[in-house]
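Biologist: Hi, could you walk me through this model? I'd like to start with the ligand.

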Amino acid sequence: MSRTAILIVAAGKGERSGRAGPKQYELLAGQPMLRRAVDAFAGWPVRVVIGPGQEALYRQAMGSAAPHPVIGGARRQDSVRLGLEAMAADAPDYVLIHDAARPLVSRITIEAVIGALEKGADGAVPMVPVADTLRRREGKTWVTVPREGLERAQTPQGFPFAAILKAHRDHAKAEATDDVAIAELAGLAVEAVTGEETNLKVTTEKDFVLAERLLGSFDGRSAGATLPETRSAMGYDAHRFTQGDHIWLCGVKVPHDHGLEGHSDADAGLHALTDALLGTIGAGDIGQHFPPTDERWRGAPSWKFLDHAAGLVKAKGGEILHCDVTLICERPKIGPYREAMRARIAEILLLAVDRVSVKATTTEGMGYTGRREGLAAQAIATVRLT
Ligand code: CTP
Ligand code: MG
């Protein structure tokens, strides 16, 4: 089995991006661009070349599992050469050199490049045809350039490791914008494989928007609009059984041979869901908003708490997408009330019923719910914030 390793160059300053910091550390649909590029090669050993002084940004973007970085140079080709030198001690058979600025590279492209190398190519590069008519500026006018035969080169560009290291060493003084250009100076025969338009190089601010759209997290509004963000949060609550002939669960009155103890109506289902909603906007918990010491909430119907939390989410620009409640008890049986509970929650939250889920489980006689000392509920809510 031949061994392939990945070299990702991320030592640039990203000056054309219009961002304050280097573009590769900027978030792309919630994740640093560099991290997306590295994750695209999951399963292969990856080395990353970063710029001098970018160590803290790198650690922050990559987390604790980050491979030890190599420090790059002034030009892209210097960064590549330094990265290859750092890999030489434990040299792989093949190396794929990739730009951190192409975070959308697919497995199909990666495997096509490796496939060409394994068939014996001196190098392999994903190429895409040029569809637009090309013109070159000449002074104040433009001259149309024949498009015939022109294609665009992307990364990852793959090579036998020893050959590309030697080429970079021998041609360190030449000017080249990619590694195929260096390989050609060394007389290597580089093969083209089919590239993908989606493997775009994030260069300007508009490319960020396009990349996010391709990642499916852009809702189609005009370029530059703030990205919507999806958040989920959980809630949990438990109440003790006491004397009584009914309980309130998920806003529905359920006849039972016990009641539930609590300052309000003790609706553990709605309390868990209220906490979940508060969690999506980091707004504390139900006890902070409705202290049990406050006489106003004695015996209060819990839909008021849920309604309040939903109002806070809305005030933050949030839209509730979905919620799911699990009730944990031996008795009462929830099944007969499940649809009424979904409908009631949907009504309180102004949601379609299919965005509300209510489930139930016993704990097989174990624990406090199993001993029927009380019941518990957990919930998760998902909201979109814009
Ligand atoms: N790169 C590098 N070392 C350099 C210059 C660039 O490792 N001295 C990397 C970049 O981080 C990027 C890739 O090479 O992943 C392609 O370069 P480019 O897209 O031009 O990125 P930047 O040079 O960072 O951007 P700009 O040219 O806009 O400043
Ligand atoms: Mg550059």
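Biologist: How much of ligand 1 does the protein bury?

Modeller: On its own, ligand 1 exposes 560 Å², and the protein buries 89% of that (Shrake-Rupley areas with a 1.4 Å probe; for residues, only the protein chains shown count as cover).

Biologist: Before I go on, what should I know about the model itself?

Modeller: The model is predicted, so local features need pLDDT of at least 70 and side-chain atom pairs count only at pLDDT 80 or more, while totals for chains, interfaces and linings use all residues. Residues are numbered from 1 along each chain as its sequence is written, chains are lettered from A and ligands numbered from 1 in the order in which they are written, and side-chain values use heavy atoms, leaving out hydrogens and water.

Biologist: OK. Which backbone atoms get close to oxygen atoms of ligand 1?

Modeller: A polar backbone atom of E15 is 2.6 Å from an oxygen atom of ligand 1. For G12, a backbone N or O atom lies 2.9 Å from a ligand oxygen.

Biologist: And which residues come nearest to ligand 1?

Modeller: There are 19 residues around ligand 1, and V9, G14, E15, S79 and K201 come nearest (near means a heavy atom within 4 Å). By class, that shell has six nonpolar, five polar and eight charged residues. Here Ala, Val, Leu, Ile, Met, Phe, Trp, Tyr, Cys and Pro count as nonpolar, Asp, Glu, Lys and Arg as charged, and the others, Gly among them, as polar.

Biologist: Where does ligand 1 sit?

Modeller: Ligand 1 sits in the largest pocket, where sitting means that more than half of its atoms lie within 2 Å of the pocket's grid points. A pocket is found on a 1 Å grid over the protein atoms alone, as an open set of points with protein on both sides within 12 Å along at least five of seven lines, and lining residues have an atom within 4 Å of a point.

Biologist: How much space lies in the largest pocket, and what lines it?

Modeller: About 740 Å³ lies in the largest pocket, a volume being the space filled by probe spheres set on grid points joined across faces, edges and corners. Of its 25 lining residues, A11, G12, K13, G14 and R76 are closest to the centre. Helix 3 gives the largest share of that lining, three residues.

Biologist: Switching topic: which peptide bonds are cis?

Modeller: The bond from T155 to P156 is cis, with omega near 10°, and so is the one from R331 to P332, with omega near -5°. P156 is in the loop between strand 10 (151–153) and strand 11 (157–160); helices (H or I, at least four residues) and strands (E, at least two) are DSSP runs, numbered from the N terminus.

Biologist: What about phi of C250?

Modeller: C250 has a phi near 50°, positive in a residue other than glycine.

Definitions and conventions. A polar contact is a pair of N or O atoms within 3.5 Å; within protein, one must be able to donate a hydrogen and the other to accept it, and residues adjacent in sequence count only if both atoms are side-chain atoms. On a 1 Å grid over the protein atoms alone, a cavity is a set of points where a 1.4 Å probe fits but cannot get out, and a pocket is an open set with protein on both sides within 12 Å along at least five of seven lines; lining residues have an atom within 4 Å of a point.
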